[in-house]
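User: I want to go through this model and ask what stands behind each label. Please set each value against its criterion.

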Amino acid sequence: MWRNLPKSLTGFGNRGNEMEYIGRIENDNKLHMNETGIVIFGAGKDLEKLLDKLEKMHEKDKITCICDNNPAKQGKEVRGIKIVSPDYALRYYSNAAYIVYNKFCIEICRQLAGQRIEKIHLIRN
């Protein structure tokens, strides 16, 4: 899956921007320097591991929310962090860094690029 991922978002959205980061979260210096908040896209099975890593990196306090396309997950909380709809996250946190980390990464990147999100961090396990 990772071999086929483009660095450019040209095929995803209207702007043709580059992804801000692709790789392991531990090496994501741009995320560490980010001051506009973090939105995690996806409340799937690897969320707990991702939250553990962000906590070890002292980045957990920057998380503004988790968003998920599944309405059944919206309104719930994980470790005190609210799960919201993508529309809500995009409306209130459009300048945040968006972490994409799950098996739907290509679809999610297309969704974010279509909404003109510029700070997309594609995280590998």
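Predicted model: local features only at pLDDT ≥ 70, side-chain atom pairs only at ≥ 80, totals over all residues.

User: Where is Glu59 found?

Analyst: In the loop between helix 2 (47-56) and strand 3 (63-67). Helices (H or I, at least four residues) and strands (E, at least two) are DSSP runs, numbered from the N terminus.

User: What makes a polar contact of the pair Glu59 and His32?

Analyst: The criterion is a pair of N or O atoms within 3.5 Å; within protein, one must be able to donate a hydrogen and the other to accept it, and residues adjacent in sequence count only if both atoms are side-chain atoms. The side chains of Glu59 and His32 make such a contact at 2.5 Å.

User: Which residues does Glu59 touch?

Analyst: Contact means heavy atoms within 4.5 Å. Leaving out residues up to four places away in sequence, Glu59 touches Leu31, His32, Ile38 and Leu54.

User: What is said of strand 3, and why?

Analyst: 4 of its 5 residues are buried, so strand 3 is largely enclosed by the rest of the structure.

User: How do you know which strands pair with strand 3?

Analyst: Two strands pair if DSSP finds at least two bridges between them. Strand 2 (residues 38-41) is joined to strand 3 by 4 bridges, and the two run parallel. Phe41 has Cys67 of strand 3 as its bridge partner. Strand 5 (residues 81-84) pairs with strand 3 over 2 bridges, in the parallel sense. There, Ile66 has Ile83 as its bridge partner.

User: What hand does the β-α-β unit of strand 2, helix 2 and strand 3 have?

Analyst: The unit is right-handed. That term applies if, with the strands pointing away from the viewer, the path from the first strand over the helix to the second runs clockwise.

User: Which residues of helix 4 are buried, and what puts them on the same side?

Analyst: In helix 4 (residues 105-114), Cys105, Ile108, Cys109, Leu112 and Ala113 are buried. They cover an arc of only 130° around the axis, so they sit on the same side of helix 4. The arc is that of the directions from the helix axis to the C-beta atoms. These buried residues pack against strand 2, helix 3 (86-92), strand 6 (97-100) and strand 7 (120-124).

User: Why is Arg116 called partly exposed?

Analyst: Its relative accessible area is 49%, so Arg116 is partly exposed. Arg116 lies in the loop between helix 4 and strand 7. Its phi is positive, about 65°, although Arg116 is not a glycine.

User: How many helices and strands does the protein chain have?

Analyst: 4 helices and 7 strands. From the N terminus on, the order is β-α-β-α-β-β-β-α-β-α-β. Of the 125 residues of the protein chain, 43% count as buried.

Note on methods: Residues numbered from 1 in each chain as written. Heavy atoms only, no water. Buried < 20%, exposed > 50% of the residue type's maximum accessible area, 1.4 Å probe, protein only.
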